[in-house]
Amino acid sequence: MEAKAVQAFQFSAMMHSTKSEITGPNDSLRMFGGFKKQLFVSSTFHSPRPSTRLQRRTRSLVVACLHNNIPARTLESETFHAPVDEKLILKSKSQEIEPYLNGRCIYLVGMMGSGKTTVGKILSQALSYAFFDSDALVEEEVDGTSVADIFKHYGETFFRTKETEILRKLSMMHRNVISTGGGAVVRPINWKYMHQGISVWLDVPVEALAQRITAVGTDSRPLLNNEPGDAYTKTFMRLSALFEERSEAYANADARVSLENMVAKLGQRDMSDLSPTAIAMEALEQIKGFLMSKDGC
Ligand SMILES: Nc1ncnc2c1ncn2[C@@H]1O[C@H](COP(=O)(O)OP(=O)(O)O)[C@@H](O)[C@H]1O
Ligand SMILES: O=C(O)C1=C[C@@H](OP(=O)(O)O)[C@@H](O)[C@H](O)C1
């Protein structure tokens, strides 16, 4: 069975289960039929359905890259290959921290293009957690309709209601890394759900976001699609306005990964030198800091 289909099946099984079935940190493992399947879910998957976001983004990315000669660094998540030693360090850091998580889910929050999906998949693999993308789960809920089409045909409020419902259901699970939609932070009710786990804000400067998103195209991101002007400028302007509105809400997260701080700390020249694996390691470092301050471990 395709991994995406397994993921959809497992989530819908969870959707139809009652709350009383979910009682302890290992329940999502039990529900998901064991460890092997969970690793399978965590691994990169390709959807059998051509309308899903990942495939659309990958396809438009390949076209955009061919067109604009974009460096490989900006390629879609599954094309990042971390050096073996970087992967080993991440694995060992994950093993150090995982017992202290106690099965709590990790919610990645941040602006569109901040790397929640890319980093989330890497983090889930390192922790042997399952990975869920809340946008993809909303799409599944609406019969495979893309986020862009949900916005177009049903409106943003409909999408936000579905998103909240997905977060509510995920909040009853354990051992998941969840990539949330960029706007999930604006509804206080969503924080009630996300605070069941540990939330991490991927804080990426708007210039870098605009570069990444321009490279892959804005088709799958409806909130960026109505402005006139050249692709980079309109994306930058819209993202700047959204960030202005949302920065306080992102700051509700338990931990923050600042790419600017990472560049300074690691003595890198450029933000584009920070690999998703290095960012996943920093996320674990910040989670550790949060756990130490909160749980005193
Ligand atoms: N560390 C990184 N360096 C360069 N490009 C990245 C990095 N992380 C993600 N990207 C690229 O940015 C785009 C958006 O990433 P994605 O993970 O989909 O973000 P989000 O889920 O937050 O919207 C993708 O094309 C991805 O390949
Ligand atoms: O910022 C936002 O409001 C949105 C971000 C998108 O998710 P990503 O952050 O995964 O692109 C998606 O949920 C929808 O297009 C709205």
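Predicted model: local features only at pLDDT ≥ 70, side-chain atom pairs only at ≥ 80, totals over all residues.
**Entry 1**

I started with the strands. I found an open sheet of five, paired in parallel and ordered β2-β3-β1-β4-β5. The edges are β2 (130–133) and β5 (255–258), each of which pairs on one side only.

**Entry 2**

Next I followed β5 to its partner. Strand β4, residues 198–203, pairs with β5 in the parallel sense over four bridges. Within this region I noted that valine 200 stands opposite alanine 255 in β5. Then I turned to β2 and β3 (176–179), where helix α7 (residues 134–141) lies across both strands. I noted that α7 runs at about 65° to β2.

**Entry 3: around ligand 2**

What surrounds ligand 2? I counted 16 residues, with Lys116, Asp135, Arg160, Gly182 and Arg246 the closest. By type, the shell divides into seven charged, six nonpolar and three polar residues. I traced part of it to helices: α4 (53–68), α8 (147–154) and α9 (156–170) each supply at least two residues.

**Entry 4: polar contacts of ligand 2**

I checked distances to oxygen atoms of the ligand. A polar side-chain atom of arginine 246 is 2.7 Å from one such oxygen. For lysine 116, a side-chain N or O atom lies 2.8 Å from a ligand oxygen. Glycine 183 takes part through its backbone, with a polar atom 3.3 Å from an oxygen of ligand 2. Last, I looked up the cover: ligand 2 on its own has 390 Å² of accessible area, and the protein covers 98% of it.

Note on methods
Residues numbered from 1 in each chain as written. Chains lettered and ligands numbered in written order. Heavy atoms only, no water. Pairing = 2+ DSSP bridges. Contact = heavy atoms within 4.5 Å. Axes fitted to C-alpha atoms, helices over the stretch in contact; angles between N-to-C directions. Near = heavy atom within 4 Å. Polar contact = N/O pair within 3.5 Å; in protein donor to acceptor, adjacent residues only side chain to side chain. Areas by Shrake-Rupley, 256 points an atom, 1.4 Å probe, with all protein chains shown as cover. Nonpolar A, V, L, I, M, F, W, Y, C, P; charged D, E, K, R; others polar.
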